[in-house]
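Here are my notes on the model, as numbered points. Please read them alongside the coordinates.

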Amino acid sequence: MAIQFDLSKKIFKLDTCTTSYVIGLSPEGYVGHIYYGPRLNFMCTNSLLRMEERPYTPSVNRREKCSFLDFFPMEYPTGGIGDYRESCLDVRSENGSMACEIFYQHHTIQKGKPALNGLPASFGAENEVETLEIFCEDPVLKLQVVLSYSVFVQEDIITRNVKILNQGTGRLRLEKVYSACLDMDNEEFEMLYLCGSWARENHLRRGKVRRGRQRISSNKGESGHQEHPFLALVTPETTQTTGKVYGMHFVYSGNFLAQAEQTQFGQVRMVMGINPEEFCWNLEPGCEFQAPEAVLVYSNEGLGKMTRSLHDFYRSHMIRSKYLYQKRPILINNWEATYFDFDTEKLLSIAREAQKDGIEMLVMDDGWFGKRNCDDSSLGDWYVNEEKLPQGLPDLVNKVREIGLEFGIWFEPEMISPDSGLYRAHPDWVIRIPGREPGQSRAQYVLDLSRPEVRDYAYESVARILRSAPISYLKWDMNRQLCDMGSSYLAADAQQELFHRYVLGVYEMQERLVTEFPDLLLENCSSGGGRFDPGMLYYSPQIWCSDDTDAMERLRIQEGAAMLYPLSSIGAHISDCPNHVTGRTTPFATRGHVALAGTFGYELDITRIPKEDRCQIPGQVETCRRYQHLIRTGDYYRIASWSEAAPYDCWEVAAKDRREALVTYVQVLAVPNIHSRKVLLQGLAPEKRYILEETGEVYTGEELIYCGFLIKELYGDCQSRLYHFVAAKE
Ligand code: DGJ
């Protein structure tokens with residue numbers, strides 16, 4: 001039983017393999033947070049709710065209710081009633097006031113986990129997950145608030161979501177609805193998060209939680225390159241293997257907010273949810289609002305354990321695609337090879353050469369439709385450009401397949417160019433404010449996906465092409481962020497619903513896509529990693545991680561991504577040098593080793609690259625085939641981090657059964673007069689003997705774990721090596 005309720009103590013205890021989460025009820029029915037941490041074997045008391053401490057609970061001491069509420073560790077704090085810390089729910093009623101106070105009514109405990117209406121969310125079988133729903137009510141507003149907790153025992157994950165139902169007779173306006181809150185005593189916490197920019201996504205940042213509120217967020221209509229919908233509070237001694245980590249990850253692809261707040265009493269409140277900036281939802285009588293899911297993880301063995309919990313969780317309970325556990329085709333994408341300058345013959349020449357080297361799929365990127373020869377036109381006109389592909393798309397697809405490769409295609413369905421037939425026909429389909437010229441970005445506007453006919457048009461544009469030819473893969477791109485938020489479809493008082501309705505529109509379209517084309521391999525993308533989030537993972541098993549394919553830059557970007565996401569989901573390609581973004585030249589072999597820590601593919605003109613690079617491709621393809629299964633299914637360990645301090649980077653993937661491990665070492669900067677470096681491996685069985693395949697040397701697991709393994713001297717910057725250890729047959 002993962003969820004227990006002690007009726008006499010009024011305490012819920014939620015247990016995963018190694019963690020417990022405890023919730024308690026006050027005599028009034030406030031839902032309080034007692035504990036999150038290492039697994040407790042016995043039911044605890046509610047002493048941590050501190051109801052015996054002054055100013056006492058309001059039923060005992062009515063005159064100090066506000067002081068009580070400003071101190072009580074609340075599971076889901078509401079605004080306007082005297083808890084002055086960050087609230088999770090702000091509700092404005094018809095009389096213009098903003099206040100909401102919720103009390104426990106009843107609860108249910110069930111096996112399995114209900115789906116979330118219209119939203120991506122984790123799932124699991126009845127023997128994998130249990131769900132607790134706590135029904136609360138504001139008796140004045142007649143508002144029901146359902147706090148939902150799902151316990152994934154094996155993966156040490158608890159997910160939360162919230163549903164709000166208007167059971168009254170008047171319209172309510174939801175001005176803020178977060179998905180999760182954790183009230184804790186401060187333990188000198190530091191915030192750990194990911195941030196960056198275009199071509200610099202997912203850089204790790206860490207800093208002390210100071211007094212007051214510190215937040216990361218997006219107000220760009222997507223989760224964004226800039227800050228990632230993830231926040232962890234960690235104790236100061238936290239490393240990969242030590243320290244306490246409280247992580248929250250948001251299953252949402254739009255505006256988010258994650259915040260840590262240190263209060264006057266030395267507590268810390270951590271919250272996560274939809275960004276309330278420019279958000280307001282009209283909740284009519286009888287209607288409900290479903291907030292997205294937040295994933296909670298606790299580790300008292302440092303960041304590595306958190307990472308492996310999340311990887312297992314996303315692999316088993318978020319990614320639905322059949323490709324999750326299947327070998328994926330090694331692809332070659334023509335974007336960095338040709339940009340917009342290609343035609344049938346050029347693509348076929350790439351396909352022919354790629355086939356010779358064992359590459360399995362050709363992806364035709366941007367520029368195949370309308371009259372798009374650069375990025376300033378034709379989005380929305382999803383008809384083949386007959387100057388480039390005179391025999392049409394099915395002909396090209398068939399020819400590529402005759403060569404022996406599968407075929408993939410690029411789309412940007414959410415966008416519209418001002419210079420397009422679609423825009424000339426439907427200027428009102430654009431997100432814009434009447435009387436104001438909408439701002440362009442990459443010479444494009446954004447379609448108003450709150451309108452059903454716009455979603456239908458955009459979806460049908462994609463589906464029509466997919467139905468026309470045997471296309472195996474789709475790259476769904478999104479190359480600008482949102483502004484000028486106005487919809488001619490929505491009423492004036494519903495304009496603040498547009499950001500969220502846009503995201504719901506994207507989800508609806510992707511749901512239709514994966515339902516109609518269950519065999520399609522879908523890769524999401526947003527100018528690189530602008531929408532790399534757990535919400536997208538629900539639809540696509542892989543997401544393009546960054547437009548920066550420079551192997552050295554990718555070390556940082558992929559380290560950040562891999563802290564949260566399984567390697568099988570991280571889009572990574574080998575491109576040509578000098579790198580198009582940084583101008584840096586790195587060895588072809590190193591580019592291959594770095595791309596192996598992701599989906600692995602090529603993005604270069606194979607007909608033109610230097611011979612010494614080209615002749616390495618068959619070997620790289622072979623290496624990828626050998627290790628793909630291990631990389632897809634194994635446990636990931638971060639051994640050393642270039643972005644932190646070391647002049648080298650090192651990571652390892654160990655098989656779950658401990659029978660093999662693959663170690664990648666990258667020397668970013670050569671340091672003179674250092675002959676070899678020692679790395680300590682993890683995830684091996686101490687008692688097993690391991691053969692290093694490259695040399696035949698034999699090591700015991702304990703030696704590799706405790707004494708370490710010596711990386712032989714490498715000469716030059718950006719050099720790398722792979723080491724494959726296989727358990728000896730006993
Ligand atoms: C941005 C993507 O990240 C690139 O890979 C490429 O598809 C371009 N868009 C095409 O416009």
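Which residue in S34 is the bridge partner of Glu652?

1. Val663 is the bridge partner of Glu652 in S34. Strands here are DSSP runs (E, at least two residues), numbered from the N terminus, as are helices (H or I, at least four residues). Two strands pair if DSSP finds at least two bridges between them.

2. A word on provenance. This is a predicted model, where local features need pLDDT of at least 70, side-chain atom pairs count only at pLDDT 80 or more, and totals for chains, interfaces and linings use all residues. Residues are numbered from 1 along each chain as its sequence is written, and side-chain values use heavy atoms, with hydrogens and water left out.

3. Strand S33 (residues 648-654) pairs with S34 in the antiparallel sense, over seven bridges. The two strands form a hairpin with five residues between them. Arg658, in the turn, has a positive phi of about 65°.

4. S34 also pairs with strand S39 (residues 719-727), again antiparallel, over eight bridges. There, Gln719 in S39 is the bridge partner of Gln667.

5. Strand S34 spans residues 660-667, and seven of its eight residues are buried, so the rest of the structure largely encloses it. Buried means under 20% relative accessible area, exposed over 50%, partly exposed in between (1.4 Å probe, protein chains only).

6. Now the helix. Ala354 lies in H4 (residues 344-356). Ala354 counts as buried because its relative accessibility is 0%. Leaving aside neighbours within four places in sequence, Ala354 contacts Ile332, Ile359, Leu405 and Ile606; contact means heavy atoms within 4.5 Å. The C-alpha atoms of Ala354 and Tyr325 are separated by 25 Å, with the two residues 29 apart along the chain.
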